[in-house]
Amino acid sequence: MTERFCTNCGQKLADNAQFCPNCGVAQPTASQDSTSTDQHTAGTDHNDDSRSTDDHQATSTQFVRDVPYNENDHPNLFASTGLFFKDCLNIQKRLGRADYWWAWLGLTILTILLTIAYGMFFASTFLYSDISFTSLVLPLFYWLFTLVAGFTAQVRRLHDLGYSGAFWLINFVPVVGNLAVLIMLCQPSRQAGNRYI
């Protein structure tokens, strides 16, 4: 036998009491108690289900934090420059801000060193023998390579911001185009709503 209590004042009731002896409020019968208990349980289950559904929806639509993205765990001069050369023909991936700027620093240093070496070689060749066709073509190949690799790197960097690679065409806008793209390339990674993740 379960104990019964008044629904109004909480006074303990006899098993067959129809009214509370303390406050006089009519009490539900045993059959009504079980029905209300079942309804309450069902209601609780329903509330739990809806709560768990709400929790699931909140979890599934949880905001994605815009944390910095870089393919290298610790971007640095050598790792990022190596990544730049490895993905020189790839426009499908993303390229984080730190990797991008470390790679450009590495490429700039490499270009300066190659220019000095080529200048010394060219000067010695010019003084002591005829200038070969190869010595003129190699710098052209290097320039074309850096042009293509720089283009693909900028497209991957734009992907990291959630933009289409077509935004690279802003470079062709007179006067302000290059500056606008440069400002975009300096922006941090974007994870929320980024279709290139």
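**Fold, core and salt bridges of a predicted protein chain**

From the N terminus on, the elements of the protein chain follow the order β-β-α-α-α-α-α. There are two strands and five helices in the protein chain. Helices (H or I, at least four residues) and strands (E, at least two) are DSSP runs, numbered from the N terminus. The structure is a predicted model, in which local features need pLDDT of at least 70, side-chain atom pairs count only at pLDDT 80 or more, and totals for chains, interfaces and linings use all residues. Residues are numbered from 1 along each chain as its sequence is written, and side-chain values use heavy atoms, with hydrogens and water left out.

The protein chain has 197 residues, and 24% of them count as buried. Buried means under 20% relative accessible area, exposed means over 50%, and partly exposed lies in between (1.4 Å probe, protein chains only). The accessible surface of the protein chain is about 13400 Å². Carbon and sulfur atoms hold 65% of this surface. Accessible areas come from the Shrake-Rupley method with a 1.4 Å probe; for residues, only the protein chains shown count as cover. Among contacts in the protein chain with a separation of 6 or more, 57% join residues 24 or more positions apart. A contact means heavy atoms within 4.5 Å.

An unreviewed UniProt entry lists residues 100-121, 133-153 and 165-185 under "transmembrane region". UniProt positions are given in the numbering used here, feature names are shortened, and annotations may be inferred rather than shown by experiment. Residues 100-121 are 100% helix and 0% strand in the model. The end C-alpha atoms of residues 100-121 are 31 Å apart. Residues 165-185 are 43% helix and 0% strand, with end C-alpha atoms 12 Å apart.

The largest nonpolar core has 11 residues: Leu83, Phe84, Cys88, Leu95, Tyr100, Ala103, Leu107, Ala149, Ala153, Val181 and Leu185. At least two residues of this core come from each of helix H2 (77-86), helix H3 (97-128), H4 and helix H5 (177-185). H3 gives the most, with three residues. A nonpolar core is a set of buried Ala, Val, Leu, Ile, Met, Phe, Trp, Tyr and Cys residues joined through side-chain atoms within 4.5 Å. Alanine 153 touches Phe84, Leu95 and Tyr100, when residues up to four places away in sequence are not counted.

Leu138, Leu140, Phe141, Trp143, Leu144 and Leu147 make a nonpolar surface patch of about 640 Å². Patches are made of residues with over 30% relative accessible area and no salt bridge; like charges are joined within 9 Å, and nonpolar side chains (Val, Leu, Ile, Met, Phe, Trp, Tyr) within 5 Å. Leucine 138 of this patch lies in helix H4 (residues 133-160). Leucine 138 counts as exposed because its relative accessibility is 52%.

The count of salt bridges is four. A salt bridge is a side-chain nitrogen of Lys or Arg within 4 Å of a carboxyl oxygen of Asp or Glu. Aspartate 160 is buried, with a relative accessible area of 0%. Arginine 94 has 6% relative accessibility, so it counts as buried. Arginine 157 is buried, as is aspartate 160.

A network of salt bridges links Glu71, Asp87 and Lys93. Within it, aspartate 87 and lysine 93 have their closest N and O atoms 2.8 Å apart. Aspartate 87 counts as buried at 7% relative accessibility, whereas lysine 93 is partly exposed at 24%.

The loop between strand S2 (12-13) and helix H1 (30-60) holds glutamine 18. Glutamine 18 is exposed, with a relative accessible area of 52%. Beyond its neighbours within four places in sequence, glutamine 18 is in contact with Val25, Ala26 and Gln27. Its C-alpha atom is 6.9 Å from that of threonine 29, 11 residues apart along the chain. Aspartate 15 lies in the loop between S2 and H1 and counts as partly exposed at 46% relative accessibility.
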